[in-house]
Amino acid sequence: MTVELTRPVSRRLLGTETLLVLGLSLGQSAIYAMVSIIAKLTADGPLSKQTASLNTSASARPWLDLTYQLLGIVFALLPVLLAVHLLSRDPGDPARTLGLDARRPGQDVARGAGLAALIGLPGLALFWVAAHLGLNATLVPASLPDVWWAVPVLILAAVQNAVLEEVIVVGYLVTRLRQLQWRLAAVIAASALLRGSYHLYQGFGAFVGNAIMGVVFSLFYLRTRRVMPLVIAHTVLDVFAFVGYALLPREWFDWL
């Protein structure tokens with residue numbers, strides 16, 4: 001007797017799978033971010049006087065803190081492995097489907113650097129405007145203690161953020177929504193709004209800026225079918241933000 005191990009994947013099954021992947025990753029983050037912005041808006045004092053901190057210390061003991069930081073980075077990447085594993089049910093290699101391979105390293109780096117410049121410079125201007133209008137909380141990109149491993153951990157955190165966000169919110173989500181026969185405009189809007197929503201804890205300026213970034217990145221992926229340049233661009237942006245904040249004079253960032 002043989003047991004049938006495979007069956008056709010229905011649209012309903014793909015939709016449920018997509019919701020579960022998002023619920024375990026950035027969809028969950030979006031819900032927490034919405035609760036966070038509501039909490040900030042209903043707290044005493046304006047939004048601009050409140051703080052949104054990233055890359056915070058997890059323990060007063062440096063080696064224990066390092067352990068927590070590394071574990072957080074590793075486990076945050078598990079939804080990426082899950083998404084790639086689920087895409088392996090589709091025809092072809094999932095890494096090639098996503099464009100998450102090393103076939104075009106020079107082109108990927110050049111495109112990633114270009115995207116980082118395209119997003120980063122206007123993004124700084126938007127953050128400055130939002131800060132002066134009181135639409136953002138005060139952002140602290142890095143608040144690790146002054147220890148030898150702080151910068152390497154911040155770089156790893158930047159890579160983790162980039163891989164998680166670009167694989168899930170662009171590569172995986174766009175692929176699945178197209179398979180679910182969503183219209184192109186709806187696919188782009190869903191990816192962009194999701195990206196903006198899980199940054200809401202930083203304020204409304206961060207929501208708008210990241211939603212615009214989501215539109216640009218989604219259009220780039222739909223045109224090239226390569227997520228690697230997006231990972232490179234996002235990593236560059238986060239490394240500049242995290243490591244720059246940790247190493248440069250703090251008064252340079254008063255406008256945040």
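Which residues make the nonpolar surface patch of about 560 Å²? In this predicted model, the patch is formed by Leu41, Trp128, Val129, Leu133, Leu135 and Phe204.

Phe204 lies in helix H9 and is partly exposed, with a relative accessible area of 34%. Helix H9 runs over residues 204-224; its 21 residues reach 30 Å from the first C-alpha to the last, close to the 30 Å expected at 1.5 Å a residue. The buried residues of H9 include Asn210, Met213, Phe217 and Tyr221. Their cover comes from several elements, among them helix H6 (105-132), helix H7 (150-179) and helix H10 (228-247). After H9 comes Arg225, whose phi is positive, near 60°.

Leaving aside residues up to four places away in sequence, Glu166 touches Gly171, Arg195, Met213, Phe217, Val227, Leu230, Val231 and His234. Two of these contacts, Met213 and Phe217, are also among the buried residues of H9.

I turn now to the charged side chains. The structure holds eight salt bridges. Glu17, Arg89, Asp90 and Arg176 are linked in a network of such bridges.

Consider Glu17 with Arg89: their closest N and O atoms are 2.0 Å apart. Glu17 belongs to helix H1 (residues 11-23) and Arg89 to the loop between helix H4 (78-87) and H5, so this pair ties together parts 72 residues apart in sequence. Glu17 counts as buried, at 8% relative accessibility, whereas Arg89 is partly exposed, at 43%.

Glu17 also forms a salt bridge with Arg176, with 2.7 Å between the closest N and O atoms. Because Arg176 lies in helix H7 and Glu17 in helix H1, the pair ties together parts that are 159 residues apart in sequence. Arg176 is buried, with a relative accessible area of 0%.

Arg176 meets Asp90 in a further salt bridge, at 2.8 Å from N to O. Here too distant parts of the chain are linked, with Asp90 in the loop between H4 and H5 and Arg176 in helix H7, 86 residues apart. Both Asp90 and Arg176 are buried.

Finally, the annotation. An unreviewed UniProt entry lists residues 148-239 as "domain: CAAX prenyl protease 2/Lysostaphin resistance protein A-like". In the model, that span is 84% helix and 0% strand, and its end C-alpha atoms lie 17 Å apart.

Terms used. Residues numbered from 1 in each chain as written. Predicted model: local features only at pLDDT ≥ 70, side-chain atom pairs only at ≥ 80, totals over all residues. Heavy atoms only, no water. UniProt positions renumbered as here; feature names shortened; annotations may be inferred. Helix = DSSP H or I, 4+ residues; strand = E, 2+ residues; numbered from the N terminus. Expected span 1.5 Å × (residues − 1). Buried < 20%, exposed > 50% of the residue type's maximum accessible area, 1.4 Å probe, protein only. Contact = heavy atoms within 4.5 Å. Patch = residues over 30% accessible without salt bridge, like charges linked within 9 Å, V, L, I, M, F, W, Y side chains within 5 Å. Areas by Shrake-Rupley, 256 points an atom, 1.4 Å probe, with all protein chains shown as cover. Salt bridge = Lys/Arg side-chain N within 4 Å of Asp/Glu carboxyl O.
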